[in-house]
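Hi everyone, thanks for coming.

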Amino acid sequence: MALKKKIPALNDELDIRLFLYITRKNLLYVILLLILAVGGSFLYLRYTHPMYEARVVIQVNTSGISRQILNVDQLYEEGLQKKIALITSPVFLERVAAKLPLQTSYYIEGNILYFEQYRSAPYTVTANVIRREIYGTTIRVGFERNGRCRISYTIPGEKLQEKVIGLGETAQFPHAVLKINMDPQLAMNPGQGLVENSYFFMLNDPGQIVPGLLGNMSVSILDAAANTIQIKYQDRNANKAADILNTLATEFRSFDVEQKQESANNILSFIDAQLNLIKDSVVSSEEQIAQFKREHKIDSLQIRGIPSILMKISDLEDDYNNMTLEESGLNEIQQYLSNTREIDSYKLLAYLSVSQFPAPVLSLLTPLRELLLQKEQQLYSVTPNSGQIKTLDYQIDIQTRLIIQTIQSYKVKLKEGKAELSSILDSYKRDLSGSTGQYNALELLRLERINAINDKYYNQLVETKANYSIARAGYVSQNIILKSSEVPSIPLYPGPKRVYFISIMAALLAGLTIIVIRYVLYNEILSVADISRYSHVPVLGVVPLYTRDVPANMMIVEHQPKSVFTEAMRAVRTNLQYISNVAGSKVTAITSTVSGEGKTFVAINLAGVLSFSDKKVILLDMDMRKPRIHQRFSLDNRHGISTVLSGIDEMETCICHDPLLKIDIIPSGPVPPNPAELILGPLMEKMIQKLKQKYDFIIMDTPPAGVVTDSLPCLQLSDYPVYIFKANYSKKLFIENVDRLISQNRIEKLSVILNSVEPLAKSYDYAKGYGYGYGYGYGYGSGYGYGYDYSYYDESEHSRRRTRILNYLLQFFRRK
């Protein structure tokens, strides 16, 4: 008989019944995991410092009312990313750190954890550090009732340093000079808590304060359309986190105003320097005009009478003077760019503000100013030797050279224009050289033209200065703090709800993983369905798991005649007739694959239930290698099967009678050296024939067929060969042994009994229709079975209730 299908090494089918069974078996592990998860979460929350997160929102705005009114170019056109770079720059964070008490951290020790006393410590420390090893060292402070305190610390590898000083006194240590300060009233009357509490502080390394701030801070764009930036800061102290962010936001606004005012101040300084130079020129030109008029006795009426040729000369000189002024501005900017290694963006802006440059030069100066501003902004976040700064320096150098070359070319054109104007002026002056009066008037006019140019330039500087002065007065920070940081009351982590939820989910997931793994690796026979799925072998019956105390002789059917177990054995007895219904004595051989599957247990109870039907039954212990039956019935094992088959004793002398159970027993006898040869000997068949003449049923308890071959002859001699499987114990691969016995050894009447089936598996089998009917060549027989309404059977109410619940769950999932 071939297998229906190959038995897989892993469980590759979805079986709700099996999954529920394995879940019930491993429910204790899941509960244990949940207990461990909840306990671990409690310990984690108890021994973990809470971390708080504070937030502040800033809106960045680059517009200014004063600039709009006066039409002054914006000094900074920064994007949000540049603002973020400024906030996270070491230069700016140093300003913030200088406003906060971060040089010393104060702590108080609790029963388990320690907590920072930010701005709330009852004392302050003044420290003068001598050696850097003191940074980050725990320095303990203990206060006494007499107004003194004990300071102690230990540097790794060095001895303990300890001193007792009065409050306000200085303690000289090898690593630092320390002074403990306290409010005088508190020092005169220290409370109980101040004396009993354990305090300590740490001196923070100044070089690590800014990196510490940067490491706990994150800056991101909240809304690009609204120009808003969100700053987050995490710390174990909620007050500290909020205070740091509020200070940072305030400094950000102040820094913005200072930067804008600095640019205006630089421009105004440059304008003042130019005014001082031009003022002397204006005074000097006015004095020259007055002196010339006195010497040549010229008045305004003479000037009004100048003929038209003099007016032409005057216009030409105006053009010449403008070209000279333009050339002077180009010379000044060219000299500044050529002789200055580090160009100042503010000074360049001042040149652009007070001088007029030709369009080609102005178009090159504007990009240069933008590169300089970009470099200045980058220096807030990177070092001068970084790749970004070197790239900008290269671009600035190229732009500067291009400007110098353009100015040089333009100056050549100016010289040519000036030479041409000078030639024309000389020709006009030669024509007037004969008229002294007219020549003097012309000279006076030239002096007045120079004075007018200086006066115009002076007035232009004064007007520009007034504009920038008004703009500086109107500078206010356009960065608005939309949301100041509040002291967080709930920690960011660990959050109790989230920790418990994650741990419970992890425990459930781990439990489910265990169940799934055990389900996939589950290779035991659980129910009749597992046998029928892989083999055609008929099922003689299903024996339920017996959970009560088993008597010494294992005869459950005698001690619990109304139990479910006894009824199952009766069903097996009834189903035996469907194997062979021929009249006469019947031989039953019972075996299994390995020991522990319950073959002896089933043999004893089958013999008992057969004897209840007024049948003469004898039980033979054919397991001469590992005999058990004589122990169960307290029999003398000096004589038995081994001595009978050896020819030492007569069979009749070895039969033991149990008057209470009404069965006879032949124990195995002493363990022989050759049990297999004795069973194969001629006396074996002779003994069976004699027993058939006297008994209705001969029950043979044989050795495991999967271990030794002793049981094979017994199975071949039997009318009812029975193979025992134990639910949740026998491997599915054991089914192959049954098919091998049928196909190879020709034991065609072989049937199986499934032993120790739990209620969930049994109810599934009966619902599937397996019952206690038997079908072997004749179709399913009586269909006799028992349900699980235990009103008749002698079972506990707890067992009945539990089985009803399991049956309900099974029916529920089957409906799904």
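Let's start at a proline: Pro494 sits in the loop between β13 (480-483) and α16. Helices here are DSSP runs of H or I with at least four residues, strands are runs of E with at least two, and both are numbered from the N terminus. The bond joining Tyr493 to Pro494 is a cis peptide, with omega at about -5°.

Before going further, a word on what we are looking at. This is a predicted model, where local features need pLDDT of at least 70, side-chain atom pairs count only at pLDDT 80 or more, and totals for chains, interfaces and linings use all residues. Residues are numbered from 1 along each chain as its sequence is written, and side-chain values use heavy atoms, with hydrogens and water left out.

How confident is the predictor? pLDDT is its confidence in each residue, on a scale from 0 to 100. The mean pLDDT of the protein chain is 81, and 83% of its residues reach 70 or more. Please be careful with residues 64-77, though: pLDDT is below 50 there, and the stretch has 30 contacts in the model beyond near neighbours in sequence. By contact I mean heavy atoms within 4.5 Å. Residues 761-798 also stay under 50 in pLDDT, and for them the model has 99 contacts beyond four places in sequence.

Now the overall picture. The protein chain has 29 helices and 21 strands. It runs to 816 residues, of which 47% count as buried; buried means under 20% relative accessible area, exposed means over 50%, and partly exposed is in between, using a 1.4 Å probe and protein chains only. Taking contacts in the protein chain with a separation of 6 or more, 77% are between residues 24 or more positions apart. The accessible surface is about 41,000 Å², and carbon and sulfur atoms hold 53% of that. Those areas come from the Shrake-Rupley method with a 1.4 Å probe, and for residues only the protein chains shown count as cover.

Two packed helices are described by the angle between their axes and the distance between the axes. The axes are lines fitted to C-alpha atoms, for helices over the stretch in contact, and the angles run from 0 to 180 degrees between N-to-C directions.

How do α2 and α16 cross? Helix α2 (residues 27-47) and helix α16 (residues 496-521) have axes that come within 9 Å and cross at roughly 155°. The two helices are therefore roughly antiparallel. For the cut-offs, under 35 degrees is roughly parallel, over 145 roughly antiparallel, 65 to 115 roughly perpendicular, and the rest oblique. The α2 and α16 crossing is right-handed: a crossing gets that name if the near helix is turned clockwise from the far one by less than a right angle, and left-handed if anticlockwise. Residues making this contact include Leu33, Leu34 and Phe42 of α2, with Ile504, Leu508 and Ile515 among those of α16.

Helix α1 (residues 16-25) also meets α16, with axes within 10 Å and a crossing of roughly 125°. That makes the pair oblique, and this crossing is right-handed. On the α1 side we find Leu18, Phe19, Ile22 and Thr23, which meet Leu512, Ile515, Val516, Arg518 and Tyr519 in α16.

Elsewhere, helix α5 (residues 90-98) and helix α8 (residues 206-215) have axes within 9 Å, crossing at roughly 100°. They are therefore roughly perpendicular. Pro90, Leu93, Glu94 and Ala97 of α5 make the contact with Ile209, Val210, Leu213 and Leu214 of α8.

Next, two asparagines. Asn227 has a positive phi of about 55° although it is not a glycine, and its place is the loop between β11 (217-223) and β12 (228-235). Asn728, also not a glycine, has a positive phi of about 65° and lies in the loop between β20 (720-726) and α27 (735-743). Asn227 is partly exposed at 33% relative accessibility, and Asn728 is partly exposed at 29%.

Last stop: what does Phe612 touch? Leaving out residues up to four places away in sequence, Phe612 touches Val557, Glu558 and Arg573. Phe612 is in the loop between α20 (599-611) and β16 (617-621), and counts as partly exposed at 38% relative accessibility.

How values were computed
pLDDT is the predictor's confidence in each residue, from 0 to 100.
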